[in-house]
Amino acid sequence: MKNLAFATSVMACAASVAAADKPELVVYTYDSFVSEWGPGPKIEEAFEAQCDCDLKLVGASDGAALLSRVRLEGARSEADVVLGLDTNLTALAKESGLFAAHDVSAEFDLPVDWGDEVFVPYDWGYFAFVHDKGFDAPGSFRELAASDATILIQDPRSSTPGLGLLYWVKAAYGDEAGEVWEGLADNIVTVTKGWSEAYGLFLEGEADMVLSYTTSPAYHLIAEGDSGKAAAAFEEGHYLQVEVAGKLKASDQPELADAFLEFMVTDAFQSVIPTTNWMYPAVTPEGGLPEGFETLVTPSKALLLPEDEAQALRDEALEEWRAALSR
Amino acid sequence: MARRVVPISAWAGAATAALAAMLVGLPIAAVAWRAGGWGGLGPADWAALRFTLVQAVLSAFVSVALAVPVARALARRRFRGRGALVLLMGAPFILPVIVAILGLLAVFGRGGILNGLLDALGLPGIQIYGLHGVVLAHVFFNLPLATRFLLQGWESIPQERFRLAANLGMGPREIMRYLEWPMLRERMPSALLVIFLICLSSFAVALTLGGGPRATTLELAIYQAFRFEFDLGRAALLALVQLALVVSAGLVALRLGRVAAFGAGRGLTVERWDAKGAGYKALDGTVLVLVALFVLLPLVLVALRGVPTLAGLPPQVWRAAGASIGVALASTALCMAAALALASVRRNWGEMAGLLGLAISPLVLGTGAFILINPVMSPATLALPVTALVNALMALPFALRVIAPEYARTERDFGRLADTLGMRGWARMRYLLWPQMRGALGFAAGLAAALSMGDLGVIALFADPERATLPLEVYRLMGAYRMEDAAGAALLLLLLSFGAFALLDWGGRRAA
Amino acid sequence: MPCLTGEGGALLEFDGITLRLGDFTLHADMRIAPERRVAVIGPSGAGKSTLLALVAGFLAPEAGRLLWQGVDITQEPPGARPVAMIFQEGNLFPHLSVYENVALGVNPALKLGAGEKARVMRALERVSLGGMEARKPAQLSGGQQSRAALARALVQDRPILALDEPFAALGPALKVEMLDLVREIADERRATVLMVSHDPQDARRFAEEVIVVAEGHAAPPRETAEIFADPPEALRDYLGG
């Protein structure tokens, strides 16, 4: 252990010596973003090539953990930029007063208008139920509830897609959401802590469908050459997840942070997103989307609750969910 | 005035207990301090408390009740592969939760082997999700642990007693009544307690196999308070409730556990003259085959899934494996030192201090540590040392439960002799405790190493990409759709954890 | 009840027995006459206790037979042998009362009829433990614990009483008292006694015959007076005389 600690500190020292003459930009993001197979390494390389700085990506487990961490650290945070919050968290994030306004402008290719002064979107996707192609998937929540199709979902209290589904039902059905959940209760095989558990169980054949994204089949198609997965299109429309980044007020590198947010909407960043983060880029790069994305279902309607409304409805929606599934 | 000679060192025990209490208490206090007070509990929290208690009590009783016939069969039979079976039984306990769930579902799930078998026989399938699924999973994790605890109890019954029983013509029934039951009465409360406490902080297993929000445990409520509501006050209060549960359960078990102990054993392999009949042989054989299937089948399926990708794992998986080995070594050393110091105290507060590691949610512990470290330095720098320390604390209850009875026995049998010879400190350790307790020490160290290797611990709250442990890497791979690589990494984790466990356990038993 | 096979008839016969424990070997080829008190003596580690464990059925020989009244009992389990045993230590269950410990000798399930209960009480009286039946072993002195073990051997009512250094932990006077008690009881019951001891004085005081176990051999029993008058080499070495 001694040796390991020693080795780690040597590595850390070596890194800081090399970077001593360059300014350092610290970006907090979620784990899967920084991993080797995520967008992190390519983006770090591309940004460092143009900024003459050292970009340091620090991972927390997911968006909600990310926000908790920044709130815990408060003004003492080393982070300059937080990347990986979504529209379900932005209201809370603004409430903390830790984030500064941006001045990035771009031609966003989002299914909704974007006019947020604090957060810049970098990618987006639709929540959807993913299934094997042979399966005759239902076309709406009502149809799903009436069928004997089985689904795996995530707990909204511990998972981002889980919370997305909560808002999806709420946005589509409003006051009838509780009733819809009651109808779905017998279709739900189980509720998992996070996306990984549910998706793993689905691949094991534990249920017909799993809550994920419309872009999930693209992973199997492009990375594995497997065209056997599809996402079910729902009549009600699909709830949208927009992933965003923002600059912290306490940043000691505000110019670099601004430069990073600017960089984020350029091709160098955006072209990496589809096949590493498996989401739609916020600004479609010049070369268009990678081959395979054209096979994905395109929802007829995009649903997204405004952040204030989402925040206000959260506890009510959770209670409806819990009451319906606790029967 | 004759002063009682203190075996190892009084202050070491007291200091360890104080340190354990501090490691548990400070984070809770830090979270509450950060929140500016304690929150309140809602009806949903009380429901979570109720469910937590129900599933933990059920899991503990079922695990221990099933462990009795298994340990008895192992104690009175000698067969090829017995040692290997005892060793392999340790494996489920050290599996990362998500891997174990996938393994269990491969057997008991909708598309699992069991339902396939039932379907082929034209029988209706079984549904795993529900309270029974939660208990099943907890039994899978804890039955082997309970079996090992009780098997040690069986081995503590001196050979002379079995000879006396044989001379008196006692059959299996009388042996159970006069030899085994008194031992069980002494050992079972402690086994029940440990498993109850383990299950108290269950979260992902309970939720996934419980089938939905009905199966909300305290730990999930804490998670919700942190992530969903960022209500640190409520999180701190829930952590305090958890702590209170552990302390009161500990007090009850200590009271029940204080029963007259058996005399000295000779450390010989105990030969048995009872239960020679074909019926008993068939019974024990059936019990052992069933438990081997139950425990090993999910493991085999997990292992098979990982084989294709094991060799081609990406480099950071191997780097994470290196970090995990380092963390495991450090926390095993810490844990064993703490366990010996606490065992030497031989008072109830020593036992209680050892249990504290089970009393606190990793999330609260990690967040508290984060709050404490953050003003001083970047928490990420300390990610691995903190993980090692926390893992040592979490493994301490198990190590202590294994070591304490053996320590007490050794001191009872030879303590006075060692006292008169003035054997203290290192000499006592080297020439009395180590040779007498090798088996227990090896088992305890093996458990600590494997637990530390497999535990996600607090690393997820702290880590940056350069400082991941192997369990975290498994989750990262799964989060990136890379289920095959994740399976390979899980197999590597299983091999490392189990290898560490087997090596230390075997080392202890070899000459014991 | 011991069935006498007549003057000089073999009661317990070791027929070409070889017993192996790791690299230790014990040979025995001899007969023990009925109703004799026999001491088993010899250097430590020579196999005295092993010989007793063989008779009691805790160890099985590699070759040879053990015969009781001409019947082969080599394969009989310990509980079915004509042997009541008192060990060096651990004779009593600490969690059972003195009465229960003794009563186990009558019925290992502790299901005793009125007559049997009376027999247990009589045995306790016989070893001077009357009135102490409700105590736990820890509440007895060392001598009393030995008496309780003896009382159980008494109610077991087996023709052979095997004692493995039974009173080694007792003081000299107490030991003499216990040996006398064993002798009285053995005479009353017409039992054969096999007693392992490391103390030649015990043998002189108690035994009619002596078996010397040394260097892996158990020598056939000889009259006590005779053997001490003209000790074989193995015994001479042991006595240091």
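Analyst: For the 512 residues of chain B, the rule for a compact globule gives a radius of gyration near 24 Å, and chain B has 23 Å, so the two agree. The model is predicted, and that value, like the others here, is computed from it. Along the principal axes, the C-alpha trace of chain B spans about 75 × 65 × 50 Å. Of the 512 residues in chain B, 58% are buried. The secondary structure of chain B consists of 20 helices and zero strands.

One backbone detail in chain B deserves a note. Tyr481(B) is not a glycine, yet has a positive phi, near 70°. This residue sits in the loop that runs from α19 (470–479) to α20 (483–510) of chain B. Is Tyr481(B) buried or exposed? Tyr481(B) has 22 other C-beta atoms within 10 Å, and because the threshold for a buried residue is 20 or more, Tyr481(B) counts as buried.

Now the neighbours. Two pairs of chains touch, and of these the pair of chains A and B has the most contacts. In that contact, chain A contributes 48 residues and chain B contributes 52 residues. On chain A, the elements that each supply at least two residues to the side touching chain B are α1 (2–18), α2 (31–34), β2 (54–60), α4 (63–73), β7 (188–192), α9 (195–203) and α13 (307–325). This side of chain A comprises 21 nonpolar, 14 polar and 13 charged residues.

Chain B also touches chain C, with 17 residues from chain B and 20 residues from chain C. The side of chain C that touches chain B has 14 nonpolar residues, five polar and one charged. Chains A and C do not touch each other, and their nearest C-alpha atoms are 43 Å apart.

The partner chains have details of their own. In chain C, Glu35(C) has a positive phi of about 55° without being a glycine. Glu35(C) belongs to the loop between β2 (24–32) and β3 (37–41) of chain C. With 16 C-beta neighbours inside 10 Å, Glu35(C) is partly exposed, whereas Tyr481(B) is buried.

Chain A is divided into two domains: domain 1 covers 11–124 + 241–293, and domain 2 covers 125–240 + 294–325. The C-alpha centres of these two domains of chain A are 26 Å apart. Their contact takes 21 residues from domain 1 of chain A and 22 residues from domain 2 of chain A. On the domain 1 side, α4, α5 (90–95) and β10 (238–248) of chain A each supply at least two residues. Of the elements on that side, α5(A) gives the most, with three residues. The residues on the domain 1 side are 12 nonpolar, seven polar and two charged.

Methods: Residues numbered from 1 in each chain as written. Chains lettered and ligands numbered in written order. Predicted model: local features only at pLDDT ≥ 70, side-chain atom pairs only at ≥ 80, totals over all residues. Contact = placed C-beta atoms within 7 Å. Helix = DSSP H or I, 4+ residues; strand = E, 2+ residues; numbered from the N terminus. Nonpolar A, V, L, I, M, F, W, Y, C, P; charged D, E, K, R; others polar. Buried ≥ 20, exposed ≤ 12 C-beta atoms within 10 Å, placed from the backbone. Rg over C-alpha atoms; globule rule 2.2 N^0.38 Å. Domains from an automatic or database assignment.
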